[in-house]
Each structure stands twice: as C-alpha cells, then as structure tokens.
Amino acid sequence: MPSSLPLQVLLFDMDGVLVDVSTSYRQAIIETVEHFTGRQISPKDVQRYKNHGGFNDDWKLTHSIITDTAMEVPLSRVIEEFQRRYRGNDWDGLISDESPLIDTATLDTLQDEGLLLGVVTGRPQEEAEWTIDHMDWSSYFPIVLGKEKQGDRTKPDPFPLNHTLTMLAAVGRDVDASEAAYVGDSVDDMKAARAANMWALGVVPPYLDTSDHTTVLNKAGAHTVLNTPNDLPTVLRRFDEQVASTRSA
C-alpha cells in the first residue's frame, strides 16, 4: 500500500529509541569501567561522552573512559568483560532485561500507513536480530543493518543510512533520501541523518532529562524532537507543519 505520509521509509536506531538500555548497555559500561579501574562512574558520566559525539560504539566508549583514567587495557579485553555482562553465557545477561520503548500499536499504525520500517544500529548484527525476535518485532522490521555491515564507517558517518537505501534499490525499491527519516536519540544519530540528507527525528529516552536532551538533539541537527517514539504517527501526519518547515534550518 503506498504511504499516505510524505515519507516512504522510516529507519530506527535501536538503543534508547526502540529499546530501554538504561539497565543493560549503560549498566554494562558502568560495571566494565569499575572492573578495570575500581572507580564508579554515573549514568551522567556516560551521557556526557555520548553528547560529545563520536561514541556510537559502546565498546569503544567504555575503552575511552578507561583510558581517560590513565589505565592501559587492550580493547579486546574491554569487549570481553563488557560482553560477559551484557550478553551473558546464553543470552542471559543484561540484554535479557531490556524492555520496549515503542508500543506494538504504534508499529501497527506506521505499517498500516504503508511505511517501510527498518533498523540501523551500532549493535552487532546477531544481538540486533536476537532483540527483534525477542520483542516479537520480526514482522515489522524487514531491514536490519547491524555493526558488521557498516565496516569502520559508523555513525555519525552517513554510510550506514546511505547503504540502507542502496540495499533497497538493489531489490527494486528506489527511495530518495528526502523520502526517508532516521529516528535516533543521540548526537551521532542526528548528524548522520543530516549528512545522509534524511529527516532527523530525535527521541528523548525516558532515563534522560527531556528539556536538556531536547536542546542537545536540536543543536545536533534534529528537525524535530519527540518525547516518545509513540508520538510518531501524530507527528508524521502533521509532517509539513511540524517537521518539513525546519528543512532550511
């Protein structure tokens, strides 16, 4: 069914947009830093790095925090300890505690509007696909672009988003960047969307201050910022008024 909205494709970041990671990824960062340094950092410390930009990869973010405390630890060891906490032995780590931030009814509405939905995430492909299956979202997201499919060109580089459109063209669905939007919660997400000439739709995760993070996302280039991804159907129906009017901003 052709979309009745100005968009054809709606791409989502996963962490902080589709999934609450406050007790999973964020906690794994905190625990891994403490394991190597003996120091306790706060969620605000983690967010400070995120807001600086360039830390879409949580493994590298964790390694950077550890390095900034004058500890020399190989990235491979950091990843090993991180994954032991996050993924566990058999998907029984912190990942199993994650909860959805978007309602099934919202996904139904977006799909009914004729939008093609996809996920472009910094998560390893296997973890992204496991999460989608775990949340029973497989029927909503035919496109999943994880870490391995992005090479070294991760957000804020627009390559992951551009590559998604290339994948669609290869299967006969040509979509112009102006007909696509990327929904994300970070500085890197907004910069990547802008660089790809897509619409940059920001979302404030429930574990961050709404006013402060809205300002952060707007400064990073968001065309509009939502308090929850469940506001998407309403915002998209008022696209010209609420989003498109900021195109020249």
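The largest pocket of this predicted model holds about 340 Å³ of space. A pocket is defined, on a 1 Å grid over the protein atoms alone, as an open set of points where a 1.4 Å probe fits, with protein on both sides within 12 Å along at least five of seven lines; lining residues have an atom within 4 Å of a point. Grid points are joined across faces, edges and corners, and the volume is the space filled by probe spheres set on them. Fifteen residues, written 15 in the count, line the largest pocket, and Lys44, Gln47, Tyr207, Leu208 and Asp209 are the closest to its centre. The elements that give two or more residues to this lining are α1 (25-37), α2 (43-52) and α9 (210-219), and the largest share, five residues, comes from α2. By type, the lining divides into five nonpolar, five polar and five charged residues. Here Ala, Val, Leu, Ile, Met, Phe, Trp, Tyr, Cys and Pro count as nonpolar, Asp, Glu, Lys and Arg as charged, and the others, Gly among them, as polar.

The second largest pocket has a volume of about 190 Å³. Its lining includes Gly54, Phe55, Asn56, Asp57, Lys60 and Leu61, together with Lys147, Gly151, Asp152, Thr154, Lys155 and Pro156. Three of these lining residues are nonpolar, four polar and five charged.

Residues are numbered from 1 along each chain as its sequence is written. Local features need pLDDT of at least 70 and side-chain atom pairs count only at pLDDT 80 or more, whereas totals for chains, interfaces and linings use all residues, and side-chain values use heavy atoms, with hydrogens and water left out.

Phe141 is in contact (heavy atoms within 4.5 Å) with Phe12, Leu18, Leu107, Leu117, Gly118, Val119 and Ile132, residues up to four places away in sequence not being counted.

Overall, 53% of the 249 residues are buried, meaning under 20% relative accessible area with a 1.4 Å probe, protein chains only. The protein has eleven helices (DSSP H or I, at least four residues) and eight strands (E, at least two), numbered from the N terminus.

Terms used
Buried < 20%, exposed > 50% of the residue type's maximum accessible area, 1.4 Å probe, protein only.
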